[in-house]
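Subject: Structure for you to look over

Dear colleague,

I am passing on the structure we spoke about, with my notes on what turned up in it. Please open it alongside this message and read the two together.

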Amino acid sequence: MNRGRQTLIGGWGRATQSRATELTPGTDDDWAEIIRSAGSRGLIARGGGRSYGDAAQNAGGLVVSTLADGSIGDVDPAAATVEVGAGVTVGELVRHLAPGGWTLPVVPGSSGVTVGGAIAADVHGKNHQRHGTFGRHVATMTVLTPAYGMIEMSPTVNADEFWATVGGLGLTGIIRRATLRLIPLASWWVSTVDEEQPRLQRVLERLHAAAMSSEHAVAWVDPGGAGVITMATTARLGALTPSRAARRHVTPTLPGRGIAWPPLTAAANAARRAAVVLRPRHLRPLPDLHFPLDTLPGWPRLHGRRGLIQHHFTVPFGAEHVLAEALRATRAAGHSPSLAILKVFGAANSAPLSFPAPGWSLALDFAADPALGPVLDRLDERIAAAGGRVYLVKDSRAHPDVIAAMYPGLARWRAVRSTLDPDRLLVSDLARRLRLADQRIADQIGASHA
């Protein structure tokens, strides 16, 4: 293992940065030594660096890469499972599994997310209504904890610890390996149909219907509420050989707000709608559906020198007015989103910090700007009042008081975390900012249960 070096580490959105010592351990012994020797600023594990905000940053401490843990075992066809190292990326795993006729039930929007990161963020895809989150399909995992060393977790063994780690942002332990459940893959290709709708209400109605009838469903909306619903089903080709990976384009850092400049956003949105009218049906390789931004890895650079902030939230069915308000209020404040993506969520799981809950998901991309803060603060209050929440792994600016209101299971999570890491060794910039690892609160919770 190298001795590490001080470096500036930021989120994928390029709007947050802090200086830390970066290490890349290669063995279980290396990891154990890091746990023993971490200083007062602690450590946080980091996978593919795809968190938009500060979840994998640790100012003044250690940021420890999991990328050396890249093993992929053989598929167990009887159990429909595969064991992998935490540093394997979702994209690598999807391509590795496809020739054998297997795939992951749930994938996030970026192929560069690691398995460990997918569990720690409890990521979701465009099929939550059918398959839930990534954590739902983790059969077992091996986790290195400060208090107990290496332990096995599953929904039936150390269950409280398992669900605290799923969506736990790397703050309960370091995920080292996981056994994942798989589903059969009939074809590497998918058929998609795009449907334009002129009003937000119609977009929501059609997206909800699509989520019930299609394998994958997602919608793009413009700041005025018009949108395009994309419905995808497996193509009847039977071809399992992965196609060549999409070409990655170099993206420059644009001046000002870049692509988020309202006239430029309006022109891009008009072109998108026109393209749907001309060609609504497509035959696409699986990654084009799952990982659309992989062809534009510098997407944050297109938002100017300050980078990109994504405000991703969910609200229950019946709170559609919050979605409309989010588009209206940001547009009125002069901060129209450069991209707005809608999805439908199904049932929640047992993880206290898991993001999805029954209702609507709306992800808004903005050029980072300090003036945007008060607008999003007011929106967060509306979201919390409606029973919704923001996605912690993508957050870079929310306040701790509103997070406590959004996540009613936070106190329960803190209590479990305090047993796995009583000295708060595992810590991140996000955890400090949101006071997620507040030991005093955790101790009070523990005492009340004694």
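I begin with the second largest cavity, to whose lining strand β15 gives the most, with 4 residues. Please keep in mind throughout that this is a predicted model. The second largest cavity holds about 50 Å³ of space, and the residues lining it are Ile309, Gln310, His311, His312, Leu376, Val390, Tyr391, Asp395, Ser396 and Arg397. By class, that lining divides into 4 nonpolar, 4 polar and 2 charged residues.

The structure holds 5 cavities of 30 Å³ or more, and the largest cavity has a volume of about 80 Å³. It is lined by 13 residues, and those lying nearest its centre are Lys126, Asn127, His128, Gln129 and Ala211. Helix α4, strand β12 and strand β16 each supply at least two residues of the lining of the largest cavity, with α4 giving the most, namely 3 residues. The lining of the largest cavity comprises 3 nonpolar, 6 polar and 4 charged residues.

Strands β12, β15 and β16 belong to an open sheet of 8 strands with antiparallel pairing, in the order β14-β11-β13-β12-β16-β17-β15-β18. Strands β14 (281–285) and β18 (389–390) stand at the edges of this sheet, and because each has a single partner strand, one side of each is left without a neighbour in the sheet. Within the sheet, β12 (residues 216–221) and β16 (residues 339–345) pair in the antiparallel sense over 2 bridges, and in β16 the bridge partner of Trp220 is Ile341.

Two helices lie across strands of this sheet. Helix α7 (residues 262–278) lies across β11 (189–197), β12, β13 (227–234) and β16, and runs at about 115° to β11. Helix α10 (residues 372–385) lies across β15 (308–315), β17 (359–367) and β18, and runs at about 15° to β15.

The sheet of 4 strands

There is also an open sheet formed by 4 strands in the order β1-β2-β4-β3, where the pairing is mixed. Here β1 (5–10) and β3 (43–46) stand at the edges with a single partner strand each, so one side of each is left without a neighbour in the sheet. From one strand to the next, the twist averages 45°. Helix α1 (residues 28–37) packs on this sheet, where it touches β2, β3 and β4 (62–65), and the direction of α1 makes about 170° with that of β4.

Strand β1 pairs with β2 (residues 17–23) in the antiparallel sense over 6 bridges, and the bridge partner of Ile9 in β2 is Ser18. These two strands form a hairpin with 6 residues between them, and in its turn Arg14 has a positive phi of about 70°. Strands β2 and β4, by contrast, pair in the parallel sense over 3 bridges, with Leu23 standing opposite Val64 in β4.

A single residue, Arg331

Leaving aside residues up to four places away in sequence, Arg331 touches Pro223, Gly224 and Ser336. Arg331 and Pro223 are 108 residues apart in sequence, yet their C-alpha atoms are 6.6 Å apart in space.

With best wishes

Methods: Residues numbered from 1 in each chain as written. Predicted model: local features only at pLDDT ≥ 70, side-chain atom pairs only at ≥ 80, totals over all residues. Heavy atoms only, no water. Contact = heavy atoms within 4.5 Å. Pairing = 2+ DSSP bridges. Axes fitted to C-alpha atoms, helices over the stretch in contact; angles between N-to-C directions. 1 Å grid on protein atoms, 1.4 Å probe; cavity = no way out; pocket = protein on both sides within 12 Å on 5 of 7 lines; lining within 4 Å. Points joined across faces, edges and corners; volume = space filled by probe spheres on them. Nonpolar A, V, L, I, M, F, W, Y, C, P; charged D, E, K, R; others polar.
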